[in-house]
Amino acid sequence: MHNKIERILFTESQIAQRVRELGEQISRDYETLLGEKLSREPLLAIGLLRGAVIFLADLARAMKIPVELAFMAISSYGASTSPSEVRTVKDLEIPVAGRHILIVEDIVDTGQTLAHLQELLQARHPASVKICALLDKIPRRARTVSIDYVGFTLAEDAFVVGYGLDYAERYRNLPYIALLKQSAIRS
Ligand code: PRP
């Protein structure tokens, strides 16, 4: 285990198992919804940079349906719940009108990022927008967000890193999700 890690919350094999299940569930749901249309209109999975990259890379390979990948970057400032503090840093390069979209996130915390993104995408008239989040961290939720596919729920207000999640841009490449030691966090 990395020497800055306090405790592993989800191991590499637990994550792999859950990602496989999510990929299968998502594939089944869109097969049921769209059937043969999927070959003409693949699902559009939108990953949020940078945290969701590792999750999306694995999730996409666990899906058995045609899927296109796209990326956006949204930044938010501080712990404020004001939507004006959320902005789009990198937008999509393709139109999404009429497309079935699956937003893929590593973690939902206050919900600000996803609330902003949903409003932004809905205004572009997609056929549907669903959300898949690896972690649903409930204690600090400020905006109501309906998450269609959840990997794991975090009931405690813990600072977690690994599998895409960072602290000051470090630890994204850890293969597990873990609590950082207090001594590794700058006060
Ligand atoms: C993190 C995470 C989510 C967002 C969730 O992104 O990846 O996008 O915060 O927080 P919220 O629900 O309170 O809005 P961050 O801004 O740290 O960027 P990153 O993806 O590059 O790590």
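The model is predicted: local features need pLDDT of at least 70, side-chain atom pairs count only at pLDDT 80 or more, and totals for chains, interfaces and linings use all residues. Residues are numbered from 1 along each chain as its sequence is written, and side-chain values use heavy atoms, with hydrogens and water left out. The chain contains 4 helices and 9 strands; these are DSSP runs numbered from the N terminus, with helices being H or I of at least four residues and strands E of at least two. Of its 187 residues, 48% are buried, where buried means under 20% relative accessible area, exposed over 50%, and partly exposed in between (1.4 Å probe, protein chains only).

**Overall fold**

- Read from the N terminus, the order of elements is β-α-α-β-α-β-β-β-α-β-β-β-β.
- Along the principal axes, the C-alpha atoms occupy a box of roughly 50 × 40 × 25 Å.
- Among contacts with a separation of 6 or more, 66% are between residues 24 or more positions apart. Contact means heavy atoms within 4.5 Å.

**Surface and charge**

- The accessible surface is about 9,400 Å², and carbon and sulfur atoms contribute 50% of this area. Accessible areas come from the Shrake-Rupley method with a 1.4 Å probe, and for residues only the protein chains shown count as cover.
- There are 23 positive and 23 negative side chains, and the centres of the two sets are 3 Å apart. Lys and Arg count as positive and Asp and Glu as negative, while His and the chain ends are not counted. The place of a charge is NZ of Lys, CZ of Arg, CG of Asp or CD of Glu.

- Helix H3 spans residues 53–62, and its buried residues are Phe-55, Leu-56, Leu-59, Ala-60 and Ala-62. They lie on the same side of H3, because they cover an arc of only 155 degrees around the axis. The arc is that of the directions from the helix axis to the C-beta atoms.
- The cover over the buried residues of H3 includes helix H1 (12–34) and the strands S2 (43–49), S3 (67–76), S5 (100–108) and S6 (128–137).
- Helix H4 spans residues 112–122, with Gln-112, Thr-113, Leu-114, Ala-115, His-116, Leu-117 and Leu-121 buried. These residues pack against S2, S3, S4 (86–90), S5 and S6.

**Buried residues in detail**

- His-116 is part of H4 and is buried at a relative accessible area of 18%. Apart from residues up to four places away in sequence, His-116 touches Ile-74, Val-86, Arg-87 and Thr-88.
- Asp-136 sits in strand S6 and is buried, with a relative accessible area of 11%. Its contacts, leaving aside neighbours within four places in sequence, are Val-108, Arg-141, Ile-147, Val-150, Phe-152, Thr-153 and Leu-154.
- Ala-178 belongs to strand S9 (residues 177–180) and counts as buried at 0% relative accessibility. Beyond neighbours within four places in sequence, Ala-178 is in contact with Ile-5, Arg-7, Ile-8, Leu-9, Phe-159, Val-160 and Val-161.
- The C-alpha atoms of Ala-178 and Val-161 are 5.5 Å apart, although the two are 17 residues apart in sequence.

**Backbone details**

- Leu-49 and Arg-50 are joined by a cis peptide bond with omega about 0 degrees. Arg-50 is in the loop between S2 and H3.
- Tyr-163 is not a glycine but has a positive phi, near 50 degrees. Tyr-163 lies in the loop between S8 (160–161) and S9 and is buried, with a relative accessible area of 6%.
- Ala-168 has a positive phi of about 50 degrees, again without being a glycine. Ala-168 is placed in the loop between S8 and S9 and counts as partly exposed at 44% relative accessibility.

**The segment after S9**

- Gln-182 is in the segment after S9 and counts as exposed at 62% relative accessibility.
- Gln-182 and Tyr-149 are 33 residues apart along the chain, and their C-alpha atoms are separated by 31 Å.
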